[in-house]
Amino acid sequence: MNFNWKLGETVCNDWTWDEIQNCNPKATSWDWERIREGKLYSLPEQCVKVLILGSPEVGKSTLLWSYFDECDGPTASITDCYDNCELHMHNIEENGVNIRVYFCDTSRVENFLQLDEDVYRGTSVIIYCYAIIDSESMNDLLVSWIPLSRHFLGNVPSILVGNMIDLRDNDEFNGMRLITTEVGEYVKNVCSINRFYECSIEDGDTPQDIFKTALRLALNMES
């Protein structure tokens, strides 16, 4: 997925679809609708793709939508993306730069072998998710998701996220071997992952921090 936007290209809300396409063949119908509504005045200067990987039922979509619920800017537009995936599109401004962000959510993927190589192509940053109540979800990252993504992408920036930490205090899970913070930190270091977070749906701030860090890593604003 290659993005070749004309930097800072100014557009007018009376432009036709053909004029938008002539200006930039990568422009989407979403762009045209926002332009006609007077909500978008330039095509993105940069595009990044955030790929979210992990086993089913570990909170990938919940994490993403917690971010969307609180973030500024236009509401995400959702389109089908490849088999078993969804592509969420969002425009943001970072340090005065208009950025198009594509979030590729693999929540419907049950097996890493279901992912086509095209899903990986063009990824700027990866978020690896596991659930702290599910040791198999961490094992799946170590055995499948991390090795395969690095086969296709090399060492792109990445973040490790342990979801459902509110359940550590839930009596229902007393006596279970939950994944500790120390294990998460160890995996982050051993696998050379850039950042590690633990997250709960009860905490609205952490998803914001996770995705803001992901974007900064994708834009080479931090290492």
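**Close-ups of a predicted model**

Of the 223 residues in the protein, 48% are buried (under 20% relative accessible area, with exposed meaning over 50% and partly exposed in between; 1.4 Å probe, protein chains only). This is a predicted model, in which local features need pLDDT of at least 70 and side-chain atom pairs count only at pLDDT 80 or more, while totals for chains, interfaces and linings use all residues. Residues are numbered from 1 along each chain as its sequence is written, and side-chain values use heavy atoms, with hydrogens and water left out.

**View A. The overall fold.** Seven helices and seven strands make up the secondary structure; these are DSSP runs numbered from the N terminus (helices: H or I, at least four residues; strands: E, at least two). Going along the sequence, you'd read α-α-β-α-β-β-β-α-β-α-β-α-β-α. Take the contacts (heavy atoms within 4.5 Å) between residues at least 6 apart in sequence: 68% of them join residues at least 24 apart.

**View B. Cys-47 and its strand.** Cys-47 sits in strand S1, which covers residues 46–53. Cys-47 counts as buried because its relative accessibility is 15%. Ala-218 is 171 residues away along the chain, yet the C-alpha atoms of Cys-47 and Ala-218 are 9.6 Å apart.

View C. Don't go looking for disulfides (pairs of cysteine sulfur atoms within 2.5 Å): the structure has zero. For Cys-129, the nearest cysteine sulfur belongs to Cys-199 and lies 8.6 Å away. Cys-129 has 0% relative accessibility, so it counts as buried.

**View D. Cys-191.** With 13% relative accessibility, Cys-191 counts as buried too.
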